[in-house]
Amino acid sequence: MTRLRSHLAGRMGLTAVCIAAALAVVVGFGVVSRLSGEPPADGPGREPLRIATTLIDWQDRYTVRRRFVGRVEAKRESDVGFEIAGRLASVGVEEGQFVPATTPLAQLDTARLDARKHELVATRNQAQANLDAAAIALQRLTEARDNGAANPQEWDDADAAQRAASAELSRANAAVATIVVDIDKAELQSPYDAIVAARLADEGRVLDAGAPVLRLMERANPEVRVGVGGPSIDAVSVGQTLDVETGRLVVPGTVTAILPTRDRAGRGVDVVLTLGTPLGEVRSGDLARITIEQTAEARGAWVPLNALTEGARGLWSVYVTDPGPEPQAGLRVLRRVEVEVIHQEQDRVLVRGPLAQDQPIVADGLHRVAPGMTVRVEPGLETATAPAP
């Protein structure tokens with residue numbers, strides 16, 4: 001019993017201290033109010049709050065704008081190298097350099113190829129000489145045969161020798177042509193107008209056939225690949241032109257392809273756009289944004305986002321201004337009306353509810369108002385419609 005009494009006495013003492021502190025705050029606030037000369041809100045002599053309003057404007061349809069992000073890509077990107085093996089003798093271009101088509105890029109050491117070419121040319125000359133000799137022998141035997149002085153077997157052997165020499169010359173010519181092609185392929189050329197994106201090998205390195213030496217990106221007609229989700233894909237068609245934002249630059253992009261599959265993760269469809277500006281003004285890997293517009297049928301009114309306040313049960317409300325005691329003086333009385341949000345775009349919201357055409361609502365500063373409050377609407381603070389995005 002003694003412990004209970006002590007506990008109650010302690011709680012009563014604590015309560016007394018809290019009450020005394022609260023009274024001190026109230027008294028202090030009253031003193032400050034008297035010293036400042038400002039009456040409390042909605043009190044006698046209080047000047048009605050000046051507010052800004054916007055007028056309700058009902059519409060039967062609205063435009064949905066959705067933004068999607070993708071990346072800039074080169075139309076063609078290639079790691080180029082030699083078709084034959086050899087030692088890299090020189091690289092004639094630098095990273096970031098623009099190279100027109102057929103520009104020499106790099107060169108292999110061709111000393112062994114040149115020596116092999118001389119050898120094959122000599123073999124071809126020998127085959128030509130053998131063919132000439134076989135042709136002369138066959139001609140003589142043909143004349144002798146016509147005069148009845150040649151053995152038919154000898155003529156057949158000479159004819160076969162000439163045909164063998166002709167085949168040998170053809171093979172020698174083919175070998176020379178092959179080595180000439182290899183020497184030509186020892187010079188690496190740009191396959192298209194491109195920008196050198198990376199250097200992958202240096203001089204002195206012995207390369208296998210096909211080993212990459214340079215990375216090239218086609219300069220003309222870069223592309224943007226954007227994943228478009230939801231029903232917005234239905235508003236995109238091949239040949240359509242859209243504005244593409246890359247950083248501070250806005251360039252036109254033409255839709256060249258809409259892929260027939262959806263991404264399994266994001267359920268988006270890849271849309272490929274070709275830009276009307278070359279690589280260099282935009283960079284491969286830059287983020288790119290497009291905006292797709294769709295028109296939806298729904299009756300509603302646009303109001304500023306700041307005109308909404310959260311109500312009970314998760315609903316939203318706006319404050320309408322009804323005629324006050326002195327309408328001629330611009331005085332209005334605030335009334336809270338629940339509305340349904342249909343769509344939001346940046347700083348405005350499309351709503352529907354029991355609102356009349358051209359009915360004024362509070363546009364901003366809802367933290368300063370309450371239902372039933374008398375306010376003053378100044379003509380200079382009244383706007384016709386909600387601001388466009």
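Trainee: In which sense do strand 12 and strand 13 pair, and over how many bridges?

Mentor: Two strands are said to pair if DSSP finds at least two bridges between them; helices (H or I, at least four residues) and strands (E, at least two) are DSSP runs, numbered from the N terminus. Strand 12 and strand 13 (residues 249-262) pair in the antiparallel sense, over six bridges. Leucine 242 has glycine 253 of strand 13 as its bridge partner. Before going further, note that this is a predicted model, in which local features need pLDDT of at least 70 and side-chain atom pairs count only at pLDDT 80 or more, whereas totals for chains, interfaces and linings use all residues. Residues are numbered from 1 along each chain as its sequence is written, and side-chain values use heavy atoms, with hydrogens and water left out.

Trainee: How many residues lie between the strands in the hairpin of strand 12 and strand 13?

Mentor: Two residues lie between them, and glycine 247 in this hairpin takes a positive phi near 65°. Strand 13 is also joined to strand 14 (residues 269-275) by six bridges, and the two run antiparallel. Here alanine 257 has valine 272 of strand 14 as its bridge partner. The hairpin of strand 13 and strand 14 has six residues between the strands, and arginine 267 in its turn has a positive phi of about 60°.

Trainee: In what order do the four strands of the open sheet lie?

Mentor: The order is 7-6-4-9, with antiparallel pairing. Strand 7 (187-189) and strand 9 (206-207) are the edge strands, each pairing on one side only. Within this sheet, strand 4 (residues 86-91) and strand 6 (residues 104-108) pair over three bridges, and valine 91 has alanine 106 in strand 6 as its bridge partner. Overall, the protein has three helices and 21 strands.

Trainee: How does the reach of helix 3 stand against the expected value?

Mentor: The expected span of a helix is 1.5 Å times one less than its number of residues. Helix 3 (residues 152-185) has 34 residues and reaches 50 Å from its first C-alpha to its last, close to the 50 Å expected.

Trainee: Which residues of helix 3 are buried?

Mentor: Buried means under 20% relative accessible area, exposed means over 50%, and partly exposed lies in between (1.4 Å probe, protein chains only). An α-helix has 3.6 residues a turn, so residues three or four places apart point the same way. In helix 3 the buried residues are Trp155, Ala158, Ala165, Leu169, Ala172, Val176, Ile179 and Ile183. Helix 2 (111-146) and strand 7 are included in what covers them, where contact means heavy atoms within 4.5 Å. Across the 389 residues of the protein, 33% count as buried.

Trainee: Which residues of the largest nonpolar core touch the most other members?

Mentor: In soluble globular proteins, nonpolar side chains tend to be buried together. A nonpolar core is a set of buried Ala, Val, Leu, Ile, Met, Phe, Trp, Tyr and Cys residues joined through side-chain atoms within 4.5 Å. The largest one has 26 residues, of which Phe82, Leu88, Leu105, Leu207, Val213 and Leu214 touch the most other members. Strand 4, strand 6, helix 2, helix 3, strand 8 (194-199) and strand 10 each supply at least two residues of this core. Leucine 105 touches, among others, Val80, Val91, Leu188 and Leu214, when residues up to four places away in sequence are not counted. A second, separate core of 19 residues includes Val226, Ile233, Val271 and Ile290.

Trainee: How many salt bridges does the structure hold?

Mentor: A salt bridge is a side-chain nitrogen of Lys or Arg within 4 Å of a carboxyl oxygen of Asp or Glu. The structure holds 19 of them. One joins the side chains of arginine 67 and glutamate 245 (2.8 Å, N to O). This pair links distant parts of the chain, with arginine 67 in strand 2 (residues 58-73) and glutamate 245 in strand 12 (residues 241-246), 178 residues apart. Arginine 67 counts as partly exposed because its relative accessibility is 49%, and glutamate 245 because its relative accessibility is 28%.

Trainee: Are glutamate 345 and arginine 348 buried or exposed?

Mentor: Both are buried. Glutamate 345 forms a salt bridge with arginine 348, their closest N and O atoms being 3.7 Å apart. A network of salt bridges links Arg65, Glu293, Glu345 and Arg348.
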